[in-house]
Amino acid sequence: MKKVLCIFAAIMAVMFSFGVNQLAWADDDICSMPDVPQEVLDAAGCGTTTTADTVINNVIEIVLSLLGIVAVGVIIYGGFTYMTSQGDSSKVNKGKNIIIYGVAGLIVSLLAYVIVAFVLKTVH
């Protein structure tokens, strides 16, 4: 359990650092260069700023996407455990429980995404 929490904390730290870097994206050197075509400036994000709520929204979407991927991985692992149980009732029950917990995790992550999307659309 400690390993899972450490991995989760590391993932959150990396995503937070990407989110903080997006706040200052428009201050890059290309935005202040003369004779740069407007298409390049638009593609680089010059003249636009990223607000904190946009960064938070992006981080929440990334976290929920990762949670969905982990839940699908757990379901696949549970199916593998179930299929390789060779009739052993304890392994069959273990595989079924892993699949049930994976599906529950997937449902919770989907509901969390829906709730976050609803709240963000309601606030804006």
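Where does serine 85 lie? Serine 85 sits in the loop between α3 and α4.

**The model**

This is a predicted model: local features need pLDDT of at least 70, side-chain atom pairs count only at pLDDT 80 or more, and totals for chains, interfaces and linings use all residues. Residues are numbered from 1 along each chain as its sequence is written, and side-chain values use heavy atoms, with hydrogens and water left out.

**The overall picture**

The protein chain has 4 helices and 0 strands. From the N terminus on, its elements run α-α-α-α. Helices (H or I, at least four residues) and strands (E, at least two) are DSSP runs, numbered from the N terminus.

The chain has 124 residues, and 17% of them count as buried. Buried means under 20% relative accessible area, exposed means over 50%, and partly exposed lies in between (1.4 Å probe, protein chains only).

The accessible surface of the chain comes to about 9,300 Å². Carbon and sulfur atoms hold 71% of that surface. Accessible areas come from the Shrake-Rupley method with a 1.4 Å probe; for residues, only the protein chains shown count as cover.

Contacts tell another part of the story. Contact means heavy atoms within 4.5 Å. Take the contacts with a separation of 6 or more: residues 24 or more positions apart account for 60% of them.

Helix α3 has 32 residues, which should span 46 Å at 1.5 Å a residue. Its end C-alpha atoms are 46 Å apart, which agrees. The expected span of a helix is 1.5 Å times one less than its number of residues.

Helix α4 covers residues 89-123 and has 35 residues. From its first C-alpha to its last, α4 reaches 51 Å, close to the 51 Å expected.

Which residues of α3 are buried? They are Val55, Val59, Val63, Leu64, Gly68, Ala71, Gly78 and Thr81. In α4, the buried residues are Val92, Gly95, Ile98, Gly102 and Ser109. What covers these buried residues of α4 includes α3 (52-83). An α-helix has 3.6 residues a turn, so residues three or four places apart point the same way.

Glycine 95 is in helix α4. Is glycine 95 buried or exposed? Glycine 95 counts as buried because its relative accessible area is 0%. Leaving aside neighbours within four places in sequence, glycine 95 is in contact with Gly78, Thr81 and Tyr82.

Serine 109 also lies in helix α4. With a relative accessible area of 6%, serine 109 is buried. Leaving aside neighbours within four places in sequence, serine 109 is in contact with Leu64, Leu67 and Gly68.

Glycine 73 is found in helix α3. At 36% relative accessibility, glycine 73 counts as partly exposed.

Some pairs are separated in sequence. The table gives their C-alpha to C-alpha distances.

| Pair | Apart in sequence | Apart in space |
|---|---|---|
| Glycine 95 and tyrosine 82 | 13 residues | 4.3 Å |
| Glycine 73 and glycine 102 | 29 residues | 8.0 Å |
| Aspartate 42 and cysteine 31 | 11 residues | 9.4 Å |

Aspartate 42 is found in helix α2 (residues 38-44). Its relative accessibility is 48%, so aspartate 42 counts as partly exposed.

Why does serine 85 count as buried? Its relative accessible area is 6%. A polar atom of the serine 85 side chain lies 2.9 Å from the backbone oxygen of tyrosine 82. Leaving aside neighbours within four places in sequence, serine 85 is in contact with Lys91 and Val92.

Glutamine 86 is in the loop between α3 and α4. At 78% relative accessibility, glutamine 86 counts as exposed. Glutamine 86 has a positive phi of about 55°, although it is not a glycine. Most residues other than glycine have a negative phi.

**A nonpolar patch**

Which residues make the nonpolar surface patch of about 680 Å²? They are Val103, Ile107, Leu111, Ile115, Phe118, Val119 and Val123. Patches are made of residues with over 30% relative accessible area and no salt bridge: like charges are joined within 9 Å, nonpolar side chains (Val, Leu, Ile, Met, Phe, Trp, Tyr) within 5 Å. A salt bridge is a side-chain nitrogen of Lys or Arg within 4 Å of a carboxyl oxygen of Asp or Glu.

Valine 119 is in helix α4. Its relative accessibility is 41%, so valine 119 counts as partly exposed.

How values were computed. A polar contact is a pair of N or O atoms within 3.5 Å; within protein, one must be able to donate a hydrogen and the other to accept it, and residues adjacent in sequence count only if both atoms are side-chain atoms.
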